[in-house]
Amino acid sequence: MKSTSLSLIAGAVALAAVTGFAALTVPGDDGATEAGASSRLPVERSSLLCPAPGLSDLAETAYTSFTPPANGEGEAGTAELKSPAADTKKDDKEKDKSKSDDKSKSKSEDKSKDKSKDKAAGSDKPVVALKEPGKPVTADVSGSDAPALVGTATGRLAPGWSAQQTTTVEAGDGRGVLGVSCTAPDTDFWFPAASTAKTREDYVNLTNPDDTVAVADIELYGPDGTLKSDVGEGITVPAGSGVRVLISTLTSKAAEDVTVHVTTRTGRVGAVVRTADSKTGSDWLTASAAPAGTLVLPGIPADATSVRLVAFAPGEDDADLTVRLLGKTGPFAPVGNEDLHVKSRMTAGVDLKNLTRGEAGSLLLTPTQKDRATPVVAALRVVRGKGDKQEVGYIPATGPVGAQATAADNRSKGSTLSLTAPGAAGTVKVTASAGSKAGTPVSKTYKVAAGTTLAVTPPVPSGLKGTYALTVQTQSGGPVHAARTLALPQDGIPMFTVQTLPDDGGTVEVPVAEQDLSVLDD
């Protein structure tokens, strides 16, 4: 018989636990593998969470789910986004089946009635069920009481699975286009650029995808440090449910710039901040990339009338940052804002005004002293329009595209793709998928010069009907960061939303054993 190295098994088990059952291929008996070698394999399970859309009865929400096509074979798999309440009701019904036979008839009738009610609400079946890689599917929901959605993808639908939630509110204080890429559950989130100002109404949305209770803590940091609050501790998020927390109720202090830190004591959650401003409308603020010494914030629209940078240093040391805009032809320093000092555990905000000067760009933050890279998180608050026709959007710091990244919801018009290479030049391939109703995929390759931002109107599927997805894949050169702006103007208001495109985590790097794993017969 043959056995396998215990250390490799342990590593594979740990990897599977983190990535969602990533496949592991063991080298054959015909040769040893080079020391330190590794291979990238597709994940076999992915999870996503979409927050409850909003608080307005006028809200119209569109969901788009998509998995890029991939080479190779595998199980067909499934990918479903649905209300977690559906599973709870299903479990309750299954428990009822164990009741006595004397009551089975009446309970069967009751369950039938409940099922009819659920179908009317659309809660006992997936809101979005993806059938195959390469072709997006969509669903629409109206009103303020639409639930949060959770989902799991398996098999061939898991690698690179992405979903977009786009909500349009045409009037009221919450008006705007609120776009968010549905996220994976986690235990730690940073949100610079939130606010407790009187003109703002910002909510932290917490969604628990699991069948056990999660307990979360919310910490707030203003310009002078911690905004103390006891009510932000030990927030219970019921199993398969969501909780909204108005952050201005967690503190008595009003502050224009606030950093929100969400952690969990037990369990895991999806977390995102819904912002609303009485003058500039609403959008989602997603988490910044993990604290790092260098950050990239891509995709500032060319016609931005206001850009505000908010940064936070979570450690013991202050951070001194060099601020550069990466434009069409290269980097330049914003006049009067070439540098930014961020005190430890204090939120710093600076108004960069009309930073782009008519050209799309990306912001690069680097340590002023290369040998002192203090980790920071950051986000941009971007405004388009003027007067009573203003609209707000947010751009958090994000990681590079990596192997590939996807923006799921694109229309025939309105999308702008921003690509930036903060270091060496890089080349990416951009693929427009098949349409949700009809359309043939189209691909185009772009080379991004070092230190620049390239803003393009992305390719559109030939014969498009419905919506489509954009997938960006690194081909060569240095890291490329990307963001997609979706513009949906309404009544003269330049409504828009920006989604960053970090690596989708569709593959994982698996270390290969240094030695031949074949062993002795018994």
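Among contacts in the protein between residues at least 6 apart in sequence, what share join residues at least 24 apart? The share is 81%, where contact means heavy atoms within 4.5 Å.

The model is predicted, so local features need pLDDT of at least 70 and side-chain atom pairs count only at pLDDT 80 or more, while totals for chains, interfaces and linings use all residues. Residues are numbered from 1 along each chain as its sequence is written, and side-chain values use heavy atoms, with hydrogens and water left out.

The secondary structure comes to 3 helices and 38 strands. Helices (H or I, at least four residues) and strands (E, at least two) are DSSP runs, numbered from the N terminus. Of the 522 residues in the protein, 50% are buried; buried means under 20% relative accessible area, exposed over 50%, and partly exposed in between (1.4 Å probe, protein chains only).

Two strands pair if DSSP finds at least two bridges between them. In general, strands of a sheet pair through backbone hydrogen bonds, either parallel or antiparallel. Strand β30 (residues 426-432) runs antiparallel to β32 and is joined to it by 7 bridges. Across this pair, Val430 stands opposite Lys444 in β32.

Next come the nonpolar cores. A nonpolar core is a set of buried Ala, Val, Leu, Ile, Met, Phe, Trp, Tyr and Cys residues joined through side-chain atoms within 4.5 Å. The largest has 30 residues, and those with the most contacts inside it are Leu206, Ile218, Val260 and Val262. Leaving aside its neighbours within four places in sequence, Ile218 is in contact with residues including Val204, Leu250, Val260 and Val262. Apart from this core lies another, of 29 residues, among them Ala304, Leu340, Val342 and Val376. In soluble globular proteins, nonpolar side chains tend to be buried together.

The protein has 1 disulfide, that is, a pair of cysteine sulfur atoms within 2.5 Å. This disulfide joins Cys50 to Cys182, with an S to S distance of 2.0 Å. Cys50 is in strand β2 (residues 45-50) and Cys182 in the loop between β9 (176-181) and β10 (188-194), so the pair links distant parts of the chain, 132 residues apart. The torsion about the S-S bond is about 105°, so the disulfide is right-handed. Cys50 is buried, with a relative accessible area of 0%, and Cys182 also counts as buried, at 8%.
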